[in-house]
Amino acid sequence: MSNEWPLWEVFIRGQHGLNHRHVGSLHAPDAEMAVNNARDVYTRRNEGVSIWVVKSSDITASAPSEKGPLFDPSNSKVYRHPTFFEIPDEVGHM
Amino acid sequence: MELDLKPAVDQSALFAFLVRLGDNALILGHRVSEWCGHSPALEEDIALSNTALDLIGQTQLWLGLAGEIEGQGRSADDLAYLRDGYEFRNILLVERPNGDFGKTLMRQFLFDAWHYLLMKALQNSSERRIAEIAEKAFKEVAYHLERSQDLVIRLGDGTDESHRRMQAALNDLWPYTGELFASDDVEQTLSAAGVIPHPQSLKSGWDEIVSTTLSEATLQKPDDGYMHKGGRRGVHTEHLGFILTEMQFLQRAYPGAVW
């Protein structure tokens, strides 16, 4: 076990109505300090209205080695994309 | 027709007060900036540098207004870079050496608690320009306090080593806190005119913030013994000279240099 502070992933909401986006990570001893540190490290230029932090170790990621089985099958299923419909002009920009 | 009979505020008192305020922010901002690149963790380094930048930004506003009120054509930069030590009016607390990280944070906390109350009160100043600057500064200072208070509690109530260091820092800095509430003709005049709160009126609020925080940090509040003072009338410790030597070097060596 190292003496380093745990790593936290930082998510920032840039504007009301938008989703939180992953912006990076940082070290902090606990969640409260992680929020403070995130404020200082990632919102110095007025980037955010809300901050989420989550311990990096609490994130479960998909394994790169399973990339094939996970993602390839959807490659050849073009019919899942809604590209076969003619959009009437009256609808305008979608 | 109703006449506005409100007497003009004493401009020289206003200038003196603004220089005191600006110099506190300037010297503390410089002190804190000395940590840039030296903090114990990257995150702390950025956080402290942010605090330093906030304080220097506030300096620009306070000294800028001071120069305007003085009416001799001196800018905030002129006041910061071209005065000698005896013309500086910051309290002695802010020129204390940084010491270890804990001592820097303890100094910051003792100052922030006072700064917070002052900026809060100054938002009601009868002098509009002061109220406007205070409103902007208050948000920054409220965060400074939140942060330094949090870290003082964590380090005070931390390991034996961090507790020992925080208590030593507190004991060392305590005799410099009396000057936060000192007053003379300048403060008397301005508080009577509703421009500023009387310094003593901030004392009970400060005592409350400090007592609560220290007890949560399991630190022993020192007794009020002898209190150092002098900075507010230009009588400084030897440390200020070293700060100015570094801070003013460029303008002294290359007068009028710009970028």
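W35(B) is partly exposed in this predicted model, because 19 other C-beta atoms lie within 10 Å, and a residue counts as buried at 20 or more. You will find W35(B) in the loop between α1 (11-33) and α2 (42-70) of chain B. Leaving out residues up to four places away in sequence, W35(B) touches D45(B), L48(B), N98(B) and T104(B). S75(B) lies 40 residues from W35(B) along the chain, and 27 Å separates their C-alpha atoms.

Let's turn to the nonpolar cores. The largest has 66 residues, and F17(B), L18(B), W62(B), M106(B), A113(B), V152(B) and M166(B) are those with the most contacts inside it. Helix α4 (residues 101-122) of chain B is the top contributor to this core, giving 13 residues. A second, separate core also exists, and A28(A), M33(A), A38(A) and V53(A) are among its residues.

| Core | Size | Residues include |
|---|---|---|
| Largest nonpolar core | 66 residues | F17(B), L18(B), W62(B) |
| Second, separate core | 11 residues | A28(A), M33(A), A38(A) |

Beyond its neighbours within four places in sequence, V152(B) is in contact with L105(B), M106(B), F109(B), M166(B), T213(B) and A217(B).

Finally, where do the two chains meet? Eight residues of chain A are in contact with six residues of chain B. On the chain A side, β2 (20-27) and α1 (31-42) are the elements that give two or more residues, and α1(A) has the largest share with four residues. By class, that side of chain A holds three nonpolar, three polar and two charged residues.

Notes
Residues are numbered from 1 along each chain as its sequence is written. Chains are lettered from A and ligands numbered from 1 in the order in which they are written. This is a predicted model: local features need pLDDT of at least 70, side-chain atom pairs count only at pLDDT 80 or more; totals for chains, interfaces and linings use all residues. Two residues are in contact if their C-beta atoms, placed from the backbone, lie within 7 Å. Ala, Val, Leu, Ile, Met, Phe, Trp, Tyr, Cys and Pro count as nonpolar, Asp, Glu, Lys and Arg as charged, and the others, Gly among them, as polar. A nonpolar core is a set of buried Ala, Val, Leu, Ile, Met, Phe, Trp, Tyr and Cys residues joined through C-beta atoms within 7 Å. A residue is buried if 20 or more other C-beta atoms lie within 10 Å of its own, exposed if 12 or fewer, and partly exposed in between; C-beta atoms are placed from the backbone.
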